[in-house]
Amino acid sequence: MKDYSLDYRRFVIGGVALLIVVIYTIRLFTLQITSDDYKKSADSNAFLKKIEYPSRGGIYDRNGKLLVYNQPAYDIMVVMNEAKDHLDTLDLCGALNITREDFDHRMETIKDRSKNPGYSRFTQQLFMSQLSEADFSVFQEKMFRFPGFYIQRRSIRQYRYPFAAHVLGDVAEVSPSDIEEDEYYQPGDYIGKLGVERSYEKQLRGEKGMQILLRDAHGRVQGRYQNGRFDRRAVAGKNLTLGLDADLQALGERLMEGKIGSIVAIEPKTGEVLCMVSSPSYDPRMMVGRQRSRSHRLLSQNVWKPLLNRSIMGQYPPGSTFKTTQGLTFMTEGIIHPTHTAYPCGHGFNYKGLHVGCHGHASPLPLVPALSTSCNGYFCWGLYYMIGAKNKYGSVQNAMNTWRDYMVSMGFGYKLGIDLPGEKRGLIPNAEFYDKAYKGSWNGLTIISIAIGQGEVNATPLQIANLGATIANRGWFITPHVVKRIQGEQLDTLYTHPRHTKASKASYDYVVQGMRASATGGTCHELAKYDFMACGKTGTAQNRGHDHSVFMGFAPMDNPKIAVAVYVENGGWGATYGVPIGGLIMEQYINGKLSEASQKKAEEFQHKHISYGSTSR
């Protein structure tokens, strides 16, 4: 009788054997074809791939003064697969002047893929960055004792002057998110974090090179693989020339000492930023090397927020500087005639129990003297008649959106697009905004304060300076930008093509007359002393505490070279801080220096501090 159990066992044994063969086949295929672990291990024994880091591009001011340059530094790298168990850890710690706990922490951090997503035990990983020359010399003498540890020559940024921190920015070690976003970077690399260093990172960083070195069985370097045939040379980063004038920037920061606010100056015909001051500021040299983390923490904890670039992030009521936009809009829309339309001002705008105050001056008056004296009544009446012109617009909503379109065309309500990170947009309300706020029941009286740059209107100092440049150009501007020139590369067309506003050329001519009249005998009369024809407009922006002092102007009148905005928090009248500071900025740039009398005034304002108490800004 046939024993079927034997046949069954034979099939089972055969199946098990076949399964084992299949498993081994799959494993061999994985090891030899799909996995590169052994290849990496073999390559790591035979080759040492040494990255060559490029020199980061330098940064210069518009006159060729070097602002930012490179200084040698040294990193300690480790290949974990080569760092043997018998490594004399205490000797290594002594050579690097670190503790055993610090050593263990660094090694664990390297292997932590959540913090170091590009980790491989076969490639060089950053162990310690930015050694000084002295520490580097000590370690280099003993490096032969520490297998798996190498020296990588790098460079760190140095900032020549103690100013322009918000414009220049700084460089720091890449974060895990930086590595995930761009495969160019690996742990230990540096990247621009703020300012121009961030905006132009790809131009400044250059391209890494690589040397492939051949090693013997003991790990000793024998020379270049195939005489360097497969090496790749590093390509230096591109130099940047800024529109910034270093002397003007230095003066601006002096004038803003002890004050909170901003100065922005622009060259009207090019849109180049001549100076950008945000106060309080800090010395950019604090953010260099291994001290950066501590310095950044201290600055971020400071209640006066020195890291905040108020020039592009501060959103303020523009105050009476905004009256120029209203004159341009009302005249272009036919709401006013510059010489025939005169509105009353009985110490302000008075209608149906609503009162918007104003200082004493002649009344009634037309556009040019209304700008010269900064009359609130005139511009409130203009807005009231525009919003109420149903025969022209059909509804208050259409009138409001027409007004909004003029403001947007002049550079308000949206980001201008400056080549710096973090710009804010400010606020220009539209009909939908007020419909939501007042449930559809509102009119010109409801929103009258926007006519004089108060209420819901907010702008950055950059936008106010750009308004000055637009008036100087009689109706057009080029998007403000910090970088004037990139080595071997063209600027983005955003920074070369003009943008035209909705207001007419004729309306700009009258507004210029008004701003010139303000400088010769109006609220900016201090500008009359200069030997160039300056035009200006003051602003006193209302605030819960003391009012903000604001100024916007340009010079010379018929061949404008500079437009400037000054914003001093709690500085009071525009003529108190805004006008004198703006005048000194204009004089320095146009004449190349300050007169003896102006030097004394600059020293006076440098030491003229405003008390802000302890309130966090």
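**Group meeting: a walk through one predicted model**

Let me start with Ser395, which sits in the loop between helix H16 (390-393) and helix H17 (396-409). Is Ser395 buried or exposed? Ser395 has a relative accessible area of 19%, and the cut-off for buried is under 20%, so Ser395 counts as buried. Its side chain reaches the backbone nitrogen of Asn398, at 3.1 Å.

You will find Asp182 between H7 and strand E7 (190-192). Asp182 is buried too, at 18% relative accessibility. Which residues does Asp182 touch, leaving aside its neighbours within four places in sequence? They are Lys202 and Arg205. With Arg205 there is a polar contact, side chain to side chain, at 3.1 Å.

Now the largest pocket. Its volume is about 1,300 Å³. The elements that give two or more residues to its lining include helix H7 (176-181) and helix H9 (201-205). Strand E3 (66-78), strand E4 (125-131) and strand E5 (149-159) are also among them. How many residues line this pocket? The number is 49, and those nearest the centre are Leu126, Ser129, Glu173, Gly188 and Tyr190. Which element gives the largest share of the lining? That is E4, with six residues. Sorted by class, the lining has 19 nonpolar residues, 15 polar ones and 15 charged ones. If you wonder how one finds a space like this, rolling a probe the size of a water molecule over the atoms shows where empty space is left.

Let me stay with E5 for a moment. Nine of the 11 residues in E5 are buried, so the strand is largely enclosed by the rest of the structure. E5 and E3 run antiparallel and are joined by 11 bridges.

Next, backbone geometry. Most residues other than glycine have a negative phi, and most peptide bonds are trans. Here are some exceptions.

Lys352 is not a glycine, yet its phi is positive, near 50°. Lys352 belongs to the loop between strand E13 (348-351) and strand E14 (354-357). The relative accessible area of Lys352 is 69%, so Lys352 is exposed.

Arg474 also has a positive phi, about 60°, without being a glycine. Its loop runs between helix H19 (461-472) and strand E15 (476-478). Is Arg474 buried or exposed? Arg474 counts as buried, with a relative accessibility of 16%.

Then there are cis peptide bonds. One of them joins Ser279 and Pro280, with omega at about 0°. Pro280 is in the loop between strand E12 (273-279) and H11, and helix H11 (292-301) is one of the elements that give two or more residues to the lining of the largest pocket.

Another cis bond runs from Ala555 to Pro556, where omega is near -15°. Where is Pro556? Pro556 lies in the loop between strand E19 (548-555) and strand E20 (562-568).

Ser395 is buried at 19%, and Asp182 is buried at 18%. That is the end of my part.

Note on methods:
Residues are numbered from 1 along each chain as its sequence is written. This is a predicted model: local features need pLDDT of at least 70, side-chain atom pairs count only at pLDDT 80 or more; totals for chains, interfaces and linings use all residues. Side-chain values use heavy atoms; hydrogens and water are left out. On a 1 Å grid over the protein atoms alone, a cavity is a set of points where a 1.4 Å probe fits but cannot get out, and a pocket is an open set with protein on both sides within 12 Å along at least five of seven lines; lining residues have an atom within 4 Å of a point. Grid points are joined across faces, edges and corners, and a volume is the space filled by probe spheres set on the points. Helices (H or I, at least four residues) and strands (E, at least two) are DSSP runs, numbered from the N terminus. Ala, Val, Leu, Ile, Met, Phe, Trp, Tyr, Cys and Pro count as nonpolar, Asp, Glu, Lys and Arg as charged, and the others, Gly among them, as polar. Buried means under 20% relative accessible area, exposed over 50%, partly exposed in between (1.4 Å probe, protein chains only). Two strands pair if DSSP finds at least two bridges between them. A polar contact is a pair of N or O atoms within 3.5 Å; within protein, one must be able to donate a hydrogen and the other to accept it, and residues adjacent in sequence count only if both atoms are side-chain atoms. Contact means heavy atoms within 4.5 Å.
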